[in-house]
Every structure is written in structure tokens, then in C-alpha cells.
Amino acid sequence: MLFSRKEEVFTIKEFMARKHRNVVASDTFEFKEEVRESIGVLGALSMIPLAIKPILAATPAIAAGAVPVTAVAASSAMYDKMLHAFDPLITLVQALAYPVAMIVVLGGALMIMIGDKPKGFSMMSSAGLGYVLVQLTPLVLNILVDAMKIV
């Protein structure tokens, strides 16, 4: 057997009362107290550059000033990329809207057949309204984006 597992069984009282046993092989290296302290200090000192980096890398903000044309073009390109980043997801949701709406409409028809007409018609009308809203959402979002460009 490659690995062996040691199993000990305790009652809760014995487990809570037992002392922590440090099992150390005779050929292992033990740190002296000075080495432990120096590693602790060095470990703390090694984190200082990470803590100072954001402060040194920060650039002051200027409230009023001219924005270079290249920055406007770059931000416009980034804006367009972000605007069209979710197009595949929107297309997927629009494609899935029809089958989901059809299933809900069929469920509503079954409810009408069972005799629960209010619930059946409610399901069917909700499915139709949901399908229309899913299909119109990109149009509404484009109108909002165009309105934000003007402002």
C-alpha cells in the first residue's frame, strides 16, 4: 500500500481534553527562535511595496481641462465595444424566448382544458407579453444609449 492512514477514535470529552502533540522526525530541520522572528519581520517588510504601489501609481485628477481628441476617439471605440459586447447573449435570449413562450402557452391551453380558465388565460397572456418584451428590449436599450450620447 502506497499510503497508510492512521485512525484514532476518541470520545468528544477525550478529543477536547487532549493536548496537541507535535510529531517531528529526527532528521527534520528546526528553526531557532531568532530565525522565526526574522522571517516574521521580513515577511511583513516584503508586503510594504505592495501596499505602497497604489499610492505611488495614482495620478491626480484635474477638474477642468481640455480632453485630447485621441482620448475621445479611444473612449468612443471602447464605448462601441462595450455596447456590442452583449450582442451574442441578447441574440441567445431572443432565440430562446420563442420556445419558452410556446411551452408556457401550451401549458396555459392545458389549464383551460382542465377547467382553470383564469389561470390558463393568465399564463397565455403573460407568455405573449413576455415574448414581445424580450424581442423589443434591444430596441429600447438602443434608444436609451442614443439618448445618453446626446446628453
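What share of the 151 residues in the chain is buried? Buried residues, meaning those under 20% relative accessible area, with exposed being over 50% and partly exposed in between (1.4 Å probe, protein chains only), make up 5% of the chain. The model is a predicted one, where local features need pLDDT of at least 70 and side-chain atom pairs count only at pLDDT 80 or more, while totals for chains, interfaces and linings use all residues. Residues are numbered from 1 along each chain as its sequence is written, and side-chain values use heavy atoms, with hydrogens and water left out.

As for the fold, the chain has 6 helices and 0 strands, so named because helices (H or I, at least four residues) and strands (E, at least two) are DSSP runs numbered from the N terminus. Read from that end, the elements simply go α-α-α-α-α-α.

Next come the aromatic rings. The structure holds 1 aromatic pair; rings of Phe, Tyr and Trp (its six-membered ring) pair if their centres lie within 6.5 Å, and planes under 30 degrees apart count as stacked, over 60 as edge-to-face and the rest as tilted. The partners are Tyr98 and Tyr131, and the pair is edge-to-face because the ring centres sit 6.0 Å apart with the planes at 70°. Tyr98 belongs to helix α5 (residues 87-114) and Tyr131 to helix α6, so the pair ties together parts 33 residues apart in sequence. Tyr98 counts as partly exposed, at 48% relative accessibility, and Tyr131 also falls in the partly exposed class, at 30%.

Then there is the largest pocket, with a volume of about 220 Å³. A pocket here is an open set of points on a 1 Å grid over the protein atoms alone, where a 1.4 Å probe fits, with protein on both sides within 12 Å along at least five of seven lines; lining residues have an atom within 4 Å of a point. Grid points are joined across faces, edges and corners, and the volume is the space filled by probe spheres set on the points. The lining includes Met82, Phe86, Ile90, Pro138 and Leu141. Elements giving two or more residues to this lining are α4 (69-83), α5 and α6, and α6 gives the most, with 4 residues.

Leu141, one of the lining residues, lies in helix α6 (residues 117-150). Leu141 counts as partly exposed because its relative accessibility is 40%.
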